[in-house]
Amino acid sequence: MQNPMNCRSHALKCSLLADSLPEGSARQLFAEMAATWTRKAIEAEKFTPVLDQVLPRGNEPYRFGSRVDA
């Protein structure tokens, strides 16, 4: 799953690039990509609270099978 901030960053980059291009298919493509990244950010934000509850926080990333609950 993507980080919402990363998705929004990609959306902004695509939007800025689209704005810098002349009218045409390339501009439309980047505008659509910006919209897609924005939708992905919204989806990721919906799941962030759930993931925060189940995934451990800390400096070390979670590795499957690295923790055993007694």
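Let me begin with the conventions. Because the model is predicted, local features need a pLDDT of at least 70 and side-chain atom pairs count only at pLDDT 80 or more, while totals for chains, interfaces and linings use all residues. Residues are numbered from 1 along each chain as its sequence is written, and side-chain values use heavy atoms, with hydrogens and water left out.

Now the overall picture. The protein has two helices and zero strands, where helices (H or I, at least four residues) and strands (E, at least two) are DSSP runs numbered from the N terminus. Of its 70 residues, 11% are buried; buried means under 20% relative accessible area, exposed means over 50%, and partly exposed lies in between, with a 1.4 Å probe and protein chains only. The exposed surface comes to about 5,800 Å², of which carbon and sulfur atoms supply 59%, the areas coming from the Shrake-Rupley method with a 1.4 Å probe, and for residues only the protein chains shown count as cover. Among contacts (heavy atoms within 4.5 Å) between residues at least 6 apart in sequence, 58% join residues at least 24 apart.

Let me turn to helix α1. This helix covers residues 4-20, which is 17 residues, and reaches 24 Å from its first C-alpha to its last, close to the expected 24 Å, the expected span being 1.5 Å times one less than the number of residues.

Which residues of α1 are buried? They are Pro-4, Cys-7, Ala-11, Cys-14 and Ala-18. Seen down the axis of α1, these buried residues fall within an arc of 90°, so they line one face of the helix; the arc is that of the directions from the helix axis to the C-beta atoms. On the other side of α1, Met-5, Leu-12, Lys-13, Leu-16 and Ser-20 are exposed.

Cys-7, in helix α1, is buried with a relative accessible area of 0%. Leaving aside residues up to four places away in sequence, Cys-7 touches Gln-2, Trp-37, Lys-40 and Ala-41. Cys-7 and Ile-42 are 35 residues apart in sequence, with their C-alpha atoms 8.9 Å apart in space.

That leaves the charged pairs. How many salt bridges does the structure hold? There are three, a salt bridge being a side-chain nitrogen of Lys or Arg within 4 Å of a carboxyl oxygen of Asp or Glu.

One of them joins Arg-8 and Glu-45, whose closest N and O atoms are 3.1 Å apart. Arg-8 lies in helix α1 and Glu-45 in helix α2 (residues 25-54), so this pair ties together parts that are 37 residues apart in sequence. Arg-8 is partly exposed at 36% relative accessibility, and Glu-45 is partly exposed with a relative accessible area of 36%.

Another links the side chains of Glu-23 and Arg-27 at 3.5 Å, N to O; here Glu-23 is exposed at 69% relative accessibility, whereas Arg-27 is partly exposed at 24%.

Finally, Lys-40 pairs with Glu-43, the closest N and O atoms being 3.9 Å apart. These two residues are three apart in helix α2, and are therefore separated by about one helical turn. Lys-40 is partly exposed at 41% relative accessibility, and Glu-43 is partly exposed at 37%.
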